[in-house]
Amino acid sequence: MSTETISVVIPAYNSSATICETVDSVLNQTRVPDEIIVVDDCGPDDVVAALGGRMGRVKYIRHERNKGVGGARNTGFLASTGSLVAFLDADDVYFPQFIEIGARLLSERPDVSLCFGAFHSAYDHQFSDIKDRSIPISPDVRFYRPEEILPAYLYDATSPLINFGIVRRQAIEKILKDGLVFDPTIKLTVDFNYLLELFLQFNLVTIENPCGIWRLRPNSMSQDQLALWESRVDSLKAVLETSSAKSSSPRARKLLRNNQHASVRYCGKILAKSGRRMQAIKVLAKEFRDCPSLKTLALLILIALGISYRKQEQNSDDWRGSIIK
């Protein structure tokens with residue numbers, strides 16, 4: 001039997017409408033975590049009133065000022081004690097067996113530090129359509145070494161997803177910077193930084209069966225694609241300066257650098273598509289000066305001449321589970 005202790009950290013901001021469902025999904029686990037830490041990030045709503053009687057079963061912390069989701073997770077991690085740590089957003093839900101199965105898989109494989117599960121993606125009105133919320137006792141699993149997971153994650157950074165992961169505390173402690181897990185200078189892609197650093201160093205097991213529901217929101221900040229991709233560029237620059245990247249293989253560092261340059265080009269495409277052609281040209285010209293490449297030059301010429309370019313297609317055969325239609 002596993003002797004691991006488990007902490008679940010839930011950052012909360014303006015989430016009183018959904019947090020009860022989230023907390024209940026943790027309390028109703030077949031292996032209830034040793035502690036549930038809710039960090040109220042100085043939101044405008046009353047999280048305490050929303051949680052009601054659940055307050056006796058969670059550790060509640062409220063920020064005096066808003067620090068963003070990364071700051072809330074940092075606070076939760078520093079307050080946690082578990083040898084295994086999970087970060088769950090206050091509008092997503094676990095399926096009942098997730099923690100039990102995830103902890104068991106890590107117990108069976110001491111060489112593996114990360115366990116992430118597939119998930120359903122659904123809007124509020126689609127939650128009731130997900131009838132089967134069970135995970136097989138012997139789920140479909142797959143093991144990855146850093147050199148296997150990194151290129152796949154760089155191609156599709158929505159899977160694995162931070163909200164459906166269980167990570168050894170020792171692994172998280174190896175990526176701390178000034179005692180913090182999440183970089184406070186990165187605004188939109190803090191999850192991306194965190195997972196990249198882990199994937200650079202540690203083995204991963206994925207549960208291929210859906211382990212929960214990721215709540216989609218039509219007006220989320222991720223809808224601002226330019227800001228998101230600009231933040232991704234900043235994330236890649238920051239990760240390349242970390243000890244995780246510097247001690248990784250030359251191939252891994254090359255993947256990171258190539259993805260950084262590809263992300264800059266994608267920012268140029270977004271700008272051009274939105275009618276800001278001169279701004280796109282300026283971004284791509286700077287990128288070409290800093291790191292000359294035929295891909296950047298070709299895109300720069302196409303946009304400067306007003307010629308259409310090939311669209312980047314996303315492979316639908318990924319790990320994210322199902323998207324509820």
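Predicted model: local features only at pLDDT ≥ 70, side-chain atom pairs only at ≥ 80, totals over all residues.
Two residues are in contact when heavy atoms lie within 4.5 Å.

Helix 10 spans residues 250-273 and helix 11 spans residues 277-290. Their axes are 7 Å apart and the packing angle is about 165°. Angles over 145 degrees count as roughly antiparallel, so helix 10 is roughly antiparallel to helix 11. The crossing of helix 10 past helix 11 is left-handed.

Which residues meet here? From helix 10 come His261, Val264, Arg265, Gly268, Leu271 and Ala272, and from helix 11 come Arg277, Gln279, Ala280, Val283, Leu284 and Glu287. Sorted by class, this contact between helix 10 and helix 11 holds six nonpolar, three polar and three charged residues.

Now turn to helix 5, residues 146-155, where Pro146, Ile149, Leu150, Tyr153 and Leu154 are buried. These residues lie on the same side of helix 5, because the arc they cover around the axis is only 125°. What do the buried residues of helix 5 pack against? Their partners are strand 7 (141-144), helix 7 (190-201), strand 9 (204-215), helix 8 (225-240) and helix 10.

Finally, look at helix 1, residues 19-27, which contains Asp24. Is Asp24 buried or partly exposed? Its relative accessibility is 24%, so Asp24 counts as partly exposed.

Definitions and conventions: Residues numbered from 1 in each chain as written. Heavy atoms only, no water. Axes fitted to C-alpha atoms, helices over the stretch in contact; angles between N-to-C directions. Helix = DSSP H or I, 4+ residues; strand = E, 2+ residues; numbered from the N terminus. Parallel < 35°, antiparallel > 145°, perpendicular 65-115°, else oblique. Left-handed = near helix turned anticlockwise from the far one by under 90°. Nonpolar A, V, L, I, M, F, W, Y, C, P; charged D, E, K, R; others polar. Buried < 20%, exposed > 50% of the residue type's maximum accessible area, 1.4 Å probe, protein only. Arc of directions from axis to C-beta.
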